[in-house]
Structure formats: structure tokens, C-alpha cells
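Please keep the structure open while reading.

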Amino acid sequence: MKILVCITHVPDTTSKIQFTDNNTKFDKTGVQFIIGPYDDYALARAVELRDQTGGELTVLNVGEAETEPTLRKALAIGADKAIRVNAFPKDAYFVALQIAHYAKEGAYDLILMGRESIDFNGGMVHGMVGELLGMPSISPVMKLDIEGQSAKMAREIEGGKEYIEVDLPFIAGCQEPIAEWKIPNMRGIMSARTKPLDVVETISDETFSQVNAFQLPPAKGAVQLIDKDNVEELVRLLKNEAKIL
Amino acid sequence: MSSFYSKKDLRFQLFQNNPVLTLSQYSYFKDHGKETYEMILDAADKIANASLLPYLSEMDRKEPVLENGKIRLHPAMKKILRQFGEGGWINAPYTYEEGGQQIPQVIQLAAGFIFQAANYSTSVFPFLTSGAANLIRTFGSKTLIDNFTPKMYSGEWQGTMALTEPDAGSSLTDLSTQATPTGEEGVYQIKGQKIYISCGDHDACTNVVHLLLARIKGAPAGTKGISLFVVPQKRLPDLRSNDVLTEGIYHKMGYKGAPIAHLMFGSHDNCLGYLVGEPHKGLSYMFQMMNEARIGVGMNATAIGTAAYQASLAYAKERPQGRKVGEKDPARPQELIIAHADVKRMLLFQKSIVEGSLSLILYCAYLSDLVHVQKGQEREASRTLLDLLTPIAKSYPSEMCCLTTSAAVQVLGGAGYTTDFPAEQYYREARIHPIHEGTTGIHGLDLLGRKVIIQDGMGFTLLMKAVGSTIREANVHESLKRYTEVLSHYQELSQKVTLKLVEKARENPEEFLADATLYLEFLSIFTLAWQWLRQGISLKEAKENGQIGEAFYLGKMTTLEYFYEYELVKMKALAEKLTSSHFPTIKMKAEWF
């Protein structure tokens with residue numbers, strides 16, 4: 001089985017987010033980058049499926065050279081080879097276009113990615129890739145099993161789950177608890193150094209949107225601890241300070 | 001829960017403040033680089049968050065119990081031990097041929113820092129196994145290595161250091177555990193008892209391998225008659241009992257997740273031990289390994305201090321209390337306590353100690369890596385400087401983190417004294433470090449009585465040279481000149497005080513060593529001030545290269561200033577005492593108390 005996992009290179013969830021150039025650019029100074037947490041779930045399940053069924057697991061990222069350490073982390077976790085599409089990920093369509101082009105050439109049985117990235121949170125790429133390749137795209141997938149040429153999965157829906165069966169190939173946007181995040185061992189980390197990481201150029205520069213500016217949410221207010229028996233004080237503060245009553 | 005360490009600072013310390021990346025120029029480390037190190041730190045962070053941190057308070061509250069002669073641990077510990085073993089963490093620094101990955105000590109120690117800050121108890125198990133296995137692989141026969149180390153590396157078997165006895169703790173000269181030859185080469189009958197044996201018995205592993213000090217029958221008295229043995233709890237090949245009994249478990253003040261046991265060896269005259277290396281050289285083998293362990297203890301204290309600092313910082317940023325000085329209007333909203341100067345003082349105190357200590361310990365670990373790969377005079381110089389710095393790197397963070405964790409409790413006020421917050425646990429867990437792996441008193445004696453004077457004071461001279469070199473480097477930066485002037489002054493003071501003390505070594509050894517612990521504190525403060533100046537230079541460079549942000553830079557530069565304003569000045573009072581001719585501690589008699 002040939003599996004492609006698309007990963008994002010995103011700021012660590014504990015990073016302090018700041019912008020520069022009049023709030024048009026993300027300030028990367030001192031920021032640690034990680035594999036997108038939802039992509040990490042997809043990768044973990046892909047490693048398990050590759051180990052069960054045999055075959056090859058490729059990991060792909062659309063990004064500039066600075067994303068290569070993140071791809072190496074995916075190789076340490078268990079991917080066999082890595083591809084970096086050499087471009088800044090301008091918008092969801094741009095990214096989907098690159099993935100679709102590469103995936104079409106590779107004839108993958110399964111294309112997995114996170115249900116959304118945690119930087120722009122668009123949640124659109126898997127759907128767009130499905131459309132571009134003419135394949136089913138299902139998200140958010142929280143359980144996935146492969147039986148021969150078909151897959152059984154559970155998808156989260158409002159208030160419950162939906163159980164789906166679909167033939168390969170298809171695309172899935174993944175989330176927990178599809179698999180437990182995998183932590184690379186020392187041997188995996190060392191072998192990641194020598195696994196192939198190829199850089200390919202973009203197929204098109206076409207985009208549908210552009211970001212004009214970013215805005216941070218307002219700063220969190222201070223926490224006030226109120227005695228559990230002092231309901232009057234709580235009401236007073238909610239009325240006079242928080243002004244929500 | 002708040003973050004328990006600063007990823008940003010750990011990376012700054014490794015990659016900007018210490019030349020860790022230059023290690024790859026040596027063939028032993030040639031396969032490594034920043035990318036590998038980042039992955040190791042990242043993996044350690046994930047293990048810490050997923051497997052260690054969640055059990056921090058639970059392991060404290062449900063401590064191990066001795067049931068039917070076996071110590072039962074928290075059930076999560078078995079999986080955690082296996083995770084350390086299967087992940088390759090126990091033998092990571094060892095050679096490829098041994099199944100290791102030739103990871104530098106400095107990186108191994110940095111990963112350990114993450115584990116220790118998350119949950120110190122859990123980190124003790126692999127740390128001990130690694131130390132015990134290292135003794136076997138360094139001094140043991142091929143048979144011992146083949147029989148014991150693979151399962152220790154995999155985390156299936158626990159390793160321990162079995163040194164202390166009821167009448168032999170700091171003074172190992174007096175240990176009495178006996179080894180009697182069986183007639184088979186290298187195999188002895190062991191008889192005796194050991195106390196305070198960390199992880200000496202538990203149910204998360206299938207065997208415990210004790211690295212035990214004992215006296216071979218007829219051996220010379222004193223430390224020269226001590227030999228080192230491998231004494232497994234279960235004998236090979238069929239894992240039947242080796243007559244090692246768990247007599248008791250101690251109830252500790254902190255790090256309760258890791259048990260310490262009272263063990264009886266050979267109660268039924270059926271306990272076999274296997275000699276490691278040559279007879280009567282046990283203590284020298286043990287001490288060669290202990291230097292690394294001692295730096296590790298300094299790191300443990302620093303990690304716990306770091307976690308406490310982070311917890312108190314998070315609280316100070318959320319807790320409103322009081323108003324600005326001069327603000328009389330009670331209708332005005334309260335300030336967050338981090339706005340108050342005295343709270344900031346307590347936070348700066350913690351930050352200056354834990355980040356200064358981290359800088360020193362990683363520097364020492366880097367020197368340890370150099371000792372491993374350098375040759376000739378270069379190697380000798382690195383080893384001598386490392387030897388001098390080891391008692392400082394062990395003791396100063398250990399002593400000071402008792403105070404920093406206390407400051408963390410203080411920041412939280414009444415809340416800090418309750419078990420609703422982790423500060424009180426960190427305070428208890430920090431307290432062991434000035435005690436184990438040699439008390440602070442022992443390290444004071446080691447520093448002044450040995451390390452400062454041996455080789456005609458070569459270690460001290462190398463430290464002064466290194467400080468001088470940092471001062472010259474810092475003088476390039478205008479804003480650091482203020483600190484270089486101060487440090488130069490204290491460098492002169494350090495030399496004067498040391499000279500005056502050393503002059504006393506022959507004429508009055510008792511007075512010479514009476515205040516060795518104070519001398520250790522004196523030279524430690526100076527060493528930390530040097531480390532902070534090193535950080536100042538690295539901060540300037542990292543800022544110019546766009547590797548760190550403004551807030552990180554300003555936060556650390558202000559902490560440097562704090563250390564020089566509040567901590568370094570303590571050397572004056574210590575110098576006064578160290579050069580005084582009055583010794584009430586010698587004069588005082590037991591019956592006068």
C-alpha cells in the first residue's frame with residue numbers, strides 16, 4: 001500500500017504569537033515549530049497501517065527550506081521518505097494544488113492529513129485535494145481501518161459519530177483518537193538523518209485569496225478568586241466589572 | 001497546568017550559550033547536528049507531557065508500599081520504564097556497537113532535565129540504571145556486560161548503586177559488607193546489609209542489578225580494601241532468588257514515586273556477587289562514575305527549581321491582590337501580584353539561580369564530552385577544569401534550589417502551602433539534593449581540601465583563565481562593561497581569599513577546612529556570576545542574529561543585572577568570614593550546646 005501523509009509546519013502550541021510589518025507577517029523570532037497536531041495523528045495512524053499492510057509511507061509538506069527539520073521529525077516517527085514542495089503555502093487552494101499534482105503522479109492508495117492546520121485553521125485542504133483528484137474526501141475521521149481495497153471509518157458529526165465505508169483510494173482529514181501520537185525513539189531519530197528527503201518545485205502559483213492583516217484576540221482579563229459562599233460579590237462583579245449581567 | 005520549563009531557554013543554553021554544535025567536529029559525534037538534537041529534545045518533551053507530568057501529584061500521594069517482601073509502585077511506572085528503555089534513552093550516549101547512539105552527554109542531560117522537571121521521581125529509575133550499566137560496561141568483563149547490560153538498556157531490569165550501610169554513609173571507609181571467594185573465579189558469597197538504596201526493589205521490572213561495594217575477606221582496612229560487585233536480585237540464567245531480601249522501605253519527604261529500600265544480602269548464605277574489574281579498586285571505579293552522577297544531581301535540583309519557578313510565575317500572572325504603592329482608592333481594580341516589586345524579586349531570584357545553574361551544568365556536561373573525545377593536554381585541561389567545577393555544579397544548585405522552591409511557595413502565599421498547587425511538592429522534592437551523592441559538607445571539603453590545591457592549583461588557575469577570557473570577550477560590548485568591572489573585582493577577591501586559605505593548609509588544617517562549605521558557596525557565587533556574563537555575551541550575539549526575541553533578551557539581561565546586584569554581593573560577607581581568624585565552630589564544645 002502506498003500512503004501519502006501531508007503535514008503542516010506550525011508554531012508550537014505554547015508559542016507566543018506576534019506579528020510584524022503592520023500586522024501582515026507572523027513574527028517567527030524564537031518560535032519553535034512542530035508537526036501540526038492533527039497531522040501528527042494522521043501520521044501515527046499511517047505508520048500503523050503501513051506496518052500492518054506493508055508498503056511505503058511518504059510524508060509531504062508545502063513549505064520553504066525551514067520546514068525540513070519538521071519533515072525529518074516525521075521520518076524519525078516512521079515515514080520512509082519525505083517530499084518538500086518548495087514554496088511558501090500562500091493559501092489553502094495553492095497547497096491543495098501542489099498536493100494533488102504530486103499525489104496524482106504517485107498513485108497513492110491513501111492520502112491522510114490533519115482535519116485542519118493549527119495556524120490558519122481553514123480545514124479546507126483535504127476537500128480541495130479530493131475535488132482536484134476526483135476522489136472521496138472525508139473529515140474529521142477519528143477511526144480508520146483498511147480491509148483489502150476498502151476502508152471502514154468513523155467520522156465525528158454533531159452530537160455523535162457516522163460510520164462510513166469507502167473504496168481506496170481516498171483522502172481523509174484526521175483527528176484524535178484515530179491513533180496515539182508516536183514519539184520517535186533514538187534509533188528512529190538517527191535513521192531519519194539518512195532517509196531520502198526530496199525537494200520538488202511548484203506546479204502552479206495560482207491562489208484564490210490573500211491575507212491583508214492579522215489581529216490578535218484581546219488580552220485575557222485577570223482572574224479573581226471569589227469565595228464560594230459570597231454569591232453577592234460574584235453578582236456584583238459580573239454586573240459592574242464584567243458587565244455581562 | 002503551566003509549562004514546567006522554558007523550551008526557549010533550554011535551546012538558547014544549548015545552541016547559543018554553549019558550543020554544543022561544535023562537538024560534531026569530533027568523529028565520535030560526527031553523525032549528529034542541531035536537527036538530531038532538536039528531535040531528541042522534542043521527543044523528550046512529548047514523553048514528559050504524555051507520560052510523566054500527568055502522574056506528578058498522584059505519585060506523591062500514593063507512594064510505593066512494601067507488600068509480602070516486594071515493593072509495589074504506582075501502576076504507571078512499568079509502562080514508563082519500558083518507554084525509557086524502548087526509546088533508547090538509557091544507553092543513548094554509548095557506542096553504536098553497544099546499541100547506543102553516541103549522543104553527547106550534554107544532550108542526554110538536557111533531555112533528562114525535561115524529564116526531571118516534569119516528574120522527578122520517574123526520572124530516577126532510568127538515571128540509576130544507566131549509571132549502574134555504565135559501571136559494568138566500563139570496568140566489567142565481557143561476560144558481565146553480555147549477561148546484564150542488554151536488559152538494563154531495555155528497561156526490563158533496574159540498576160542501583162548499593163553503597164550506604166547503617167554505619168557507613170559519608171564515610172565509606174567503615175563499610176562492612178563482606179565478600180567471600182567461592183572458589184569460582186570472580187564469584188563471591190555476599191553478606192551484609194545496605195540502606196537508602198534508591199529503586200532497590202520494585203515490581204515494575206523483572207530483576208534488579210545492584211552495583212554493590214563490599215570488602216573481600218582479608219582485604220586491607222580502609223577505602224583501599226573495597227571492591228565492586230554485580231549482585232543481581234535474581235540469579236542467571238533461570239532467575240531464581242539470589243538471597244537479596246527487602247527488609248524495609250523508607251517513607252521520604254519528597255520524590256515519593258521512587259522508593260528507597262533497606263536490603264539484606266546473604267541472610268541465608270546464598271547470595272552470589274560477581275567481581276567488577278580488579279579486587280580492591282571498587283571505590284575508585286565508583287568515584288569515576290560519580291562525577292557524572294554529581295553533575296546529574298545538580299541538574300535534578302535545577303530541573304525541580306525550574307518547574308517551581310514556572311508554576312509560581314504562572315500564578316503571579318493570574319492572581320490579583322493589592323494595589324500599587326500609593327494607590328488608596330479601594331474602588332480601583334487590584335493589580336496582578338506580578339506587578340509588585342517584592343514578588344518580582346522572588347521571581348528574579350528563582351530565574352537567576354535556575355537559569356544560571358542550567359548554564360553551568362550544561363557547560364560542565366560539554367566539558368565531559370570534550371574529555372571523551374579530546375586527546376593529550378587539551379583533554380587534561382578539560383578534565384581538570386571539570387573536576388574543579390563538579391562540586392560546585394552539584395552543590396550550589398542543590399542548596400539554592402531549596403531556597404528557590406521556598407520562594408516559589410512564598411509567591412503563592414497561603415495557596416503555596418496547600419496541596420492544591422504543586423509548589424509545596426517541589427519544595428519537598430528539592431531537599432534531597434544537598435544530601436545525596438555526597439553532602440554539601442563533603443563537597444566543600446572536596447573543593448577546598450583537594451580540587452583547589454591538587455596539581456599546584458591547576459584547576460583553580462584554569463577557572464581564573466576561563467573567567468578572564470569571558471571578561472575580555474564581554475568587554476567588546478559596551479553595555480556589558482559594567483559587569484566585567486564588577487566580575488574582575490570579585491575575581492581578585494576570589495584569588496586573595498583562596499590564597500589566604502591555602503596558606504593555612506599546612507600550618508593549621510583544622511582551620512583551613514573548618515569553613516570549607518562557606519568557601520564552596522563563595523566560589524559558587526563567583527562561578528554563577530561568570531556563567532551569567534557568558535550568557536550576557538551569548539544574548540547579545542543571538543539578538544543581533546535574530547535568534548531570540550526582544551522579551552526573552554530583556555528578561556534575561558535584567559536577570560543578569562539581578563544576579564550581580566543581589567547575589568554576587570554576598571561574596572563580600574563570605575570573604576570577610578573566610579579570612580577571619582575567629583573560629584567559634586572549632587572552639588565550641590559538645591557539652592556547651
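Which residues does Ala365(B) touch, not counting residues up to four places away in sequence? They are Gln105(B), Val106(B) and Leu109(B), where contact means heavy atoms within 4.5 Å.

This is a predicted model, in which local features need pLDDT of at least 70, side-chain atom pairs count only at pLDDT 80 or more, and totals for chains, interfaces and linings use all residues. Residues are numbered from 1 along each chain as its sequence is written, chains are lettered from A and ligands numbered from 1 in the order in which they are written, and side-chain values use heavy atoms, without hydrogens and water.

**Ala365(B) and the cores**

Ala365(B) sits in helix H9 of chain B. Helices (H or I, at least four residues) and strands (E, at least two) are DSSP runs, numbered from the N terminus. Ala365(B) counts as buried because its relative accessibility is 3%. Buried means under 20% relative accessible area, exposed over 50%, and partly exposed in between (1.4 Å probe, protein chains only). Ile525(B) is 160 residues from Ala365(B) in sequence and 19 Å away in space, C-alpha to C-alpha.

A nonpolar core is a set of buried Ala, Val, Leu, Ile, Met, Phe, Trp, Tyr and Cys residues joined through side-chain atoms within 4.5 Å. The largest one has 207 residues. Those touching the most other members include Leu144(A), Phe170(A), Trp89(B) and Phe229(B). Helix H9 (residues 341–373) of chain B gives the most to this core, with 18 residues. Another core, of 31 residues, lies apart from it; Trp157(B) and Met286(B) are among its members.

**Two buried histidines**

His202(B) lies in the loop between strand E5 (187–198) and strand E6 (207–216) of chain B. His210(B) lies in strand E6 of chain B. His202(B) counts as buried because its relative accessibility is 0%. His210(B) is buried because its value is 0%. Each has a side-chain polar contact, listed below. A polar contact is a pair of N or O atoms within 3.5 Å; within protein, one must be able to donate a hydrogen and the other to accept it, and residues adjacent in sequence count only if both atoms are side-chain atoms.

| Residue | Side-chain partner | Distance |
|---|---|---|
| His202(B) | Gln158(B) | 3.1 Å |
| His210(B) | Thr160(B) | 2.8 Å |

Beyond four places in sequence, His202(B) also touches Lys70(B), Ile71(B), Leu73(B), Leu81(B) and Phe125(B). The contacts of His210(B) include Ala162(B), Phe229(B), Val244(B) and Phe265(B).

**Helix H4 of chain B**

Leu81(B) is one of the buried residues of helix H4 (residues 76–86). Ala76(B), Met77(B), Ile80(B), Phe84(B) and Gly85(B) are buried there too. An α-helix has 3.6 residues a turn, so residues three or four places apart point the same way. The cover over the buried residues of H4(B) includes helix H2 (34–52), helix H6 (120–139) and strand E3 (157–162) of chain B. Gly88(B) follows H4(B), with a positive phi near 80 degrees.

**Chain A overall**

Chain A has six helices and 13 strands. Its C-alpha atoms fill a box of roughly 65 × 45 × 40 Å along the principal axes. Of its 245 residues, 45% count as buried. Among contacts between residues at least 6 apart in sequence, 68% join residues at least 24 apart.
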